[in-house]
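Me: I would like to go through this structure by question and reply. Here it is.

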Amino acid sequence: MKLATLKDGTRDGKLAVVSRDLTRCTDASFLARTLQAALDDWSRISPHLAALGESLEHGAVPAQRFHEHDAHSPLPRAYQWADGSAYVNHVELVRKARGAEMPASFWTDPLMYQGGSDTFIGPRDPIRLADEAWGIDMEAEVAVVVDDVEMGASVDQTRDAIRLVMLVNDVSLRGLIPAELAKGFGFFQGKPPSAFSPVAVTPDELGEAWDGGKLHLPLNVDLNGRPFGRANAGVDMTFDFPTLIAHAAKTRPLAAGTIVGSGTVSNKLNGGPGKPVDEGGAGYSCIAEMRVVETIESGAPATPFLRFGDTVRIEMKDRAGHSIFGAIEQKVEKYER
């Protein structure tokens with residue numbers, strides 16, 4: 001099934017079930033007011049949501065047109081947002097740009113940071129920031145939402161805890177991150193609110209593209225209407241989602257509704273850095289990676305970070321060309337107090 005949170009004037013919105021073709025939706029708030037409430041009681045609520053979804057497909061329940069602009073991120077806020085770096089190729093390239101050495105352990109032990117989860121941006125809402133000099137960048141990723149996970153859970157246990165899959169734009173401020181990391185205490189100002197796809201889907205909706213831990217489809221990233229990235233999310237993913245979730249749960253339990261991100265999707269090309277889409281490559285899921293490749297090839301980056309007025313679009317389509325999660329489409333705007 002496909003689930004969305006519709007804006008209704010409240011902080012957390014109201015839960016809706018969305019048709020598979022993303023054209024229609026029906027109110028599900030009589031079953032659970034919010035998506036978080038459904039996740040808190042998933043074993044009881046999810047069969048009723050699935051039945052409502054089937055009724056929607058057959059036109060047996062009241063429905064309305066589904067407009068992605070009317071959707072919050074599926075969880076407008078969450079108890080926890082933990083973002084990994086499953087595509088170590090991306091980590092290696094970005095560290096190279098900072099002149100930082102790549103420890104060998106990064107290939108065997110996942111990186112992860114805990115991001116701000118008290119507020120997420122809607123998938124069609126603008127990215128508002130005060131200064132272009134902060135180095136505004138998009139990071140296109142896949143994310144999962146889990147049920148309760150006990151501390152020390154095994155990879156097999158965490159695989160069974162995945163309830164929903166969605167896309168994310170993990171906005172990053174590249175000009176602020178190096179100084180923060182140099183303090184040895186992680187990200188904070190360099191990671192403003194993220195945005196998630198209009199719809200979150202249960203893994204069974206993904207068919208053969210979902211193998212229980214990875215999503216084997218290209219992630220489409222467009223910048224100002226032009227193809228920027230087409231990297232396959234199932235390729236070059238060093239750590240799958242069950243591994244990332246187990247890593248997060250090593251020393252703490254995870255509450256239902258915890259979001260775990262894959263990190264920026266990144267593909268190699270013939271064992272080396274990728275190439276832009278217009279040069280026959282899979283492109284990139286963030287600007288920083290493209291700038292690193294430009295530096296490797298010509299000694300300096302040429303592509304600027306996002307500027308006010310730029311528009312980013314992130315979407316994934318099935319093998320028939322149909323959008324699965326809807327699109328994250330955001331314009332970068334100047335924030336004025």
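Reply: Start with a term: buried means under 20% relative accessible area. Keep in mind that this is a predicted model.

Me: How many of the eight residues of helix 6 are buried?
Reply: Helix 6 spans residues 241-248 and is mostly covered. Among its buried residues are F241, P242 and L244. I245, A246 and A248 are buried too. The count of buried residues in helix 6 is six.

Me: Which helix is included in what covers the buried residues of helix 6?
Reply: The cover includes strands, among them strand 5, strand 6 (112-115) and strand 9 (140-146). Strand 10 (162-169) and strand 16 (259-261) are also included. The helix included is helix 4 (155-159).

Me: Is L75 buried or exposed?
Reply: L75 sits in the loop between strand 4 (64-65) and strand 5 (81-84). Leaving out residues up to four places away in sequence, L75 touches L35, Q36, L39, F120, V145, G257 and I259. Its relative accessible area is 3%. The cut-off for buried is under 20%, so L75 is buried.

Me: How far apart in space are L75 and V199, C-alpha to C-alpha?
Reply: In sequence, L75 and V199 are 124 residues apart. In space, their C-alpha to C-alpha distance is 9.9 Å.

Me: Why does S46 count as buried?
Reply: S46 is found in helix 2, residues 42-57. Buried requires under 20% relative accessible area. S46 counts as buried because its relative accessibility is 13%.

Me: Which residue's backbone oxygen does the side chain of S46 reach?
Reply: S46 lies in helix 2. Its side chain reaches a backbone oxygen at 2.7 Å. That oxygen belongs to W42.

How values were computed. Residues numbered from 1 in each chain as written. Predicted model: local features only at pLDDT ≥ 70, side-chain atom pairs only at ≥ 80, totals over all residues. Heavy atoms only, no water. Helix = DSSP H or I, 4+ residues; strand = E, 2+ residues; numbered from the N terminus. Buried < 20%, exposed > 50% of the residue type's maximum accessible area, 1.4 Å probe, protein only. Polar contact = N/O pair within 3.5 Å; in protein donor to acceptor, adjacent residues only side chain to side chain. Contact = heavy atoms within 4.5 Å.
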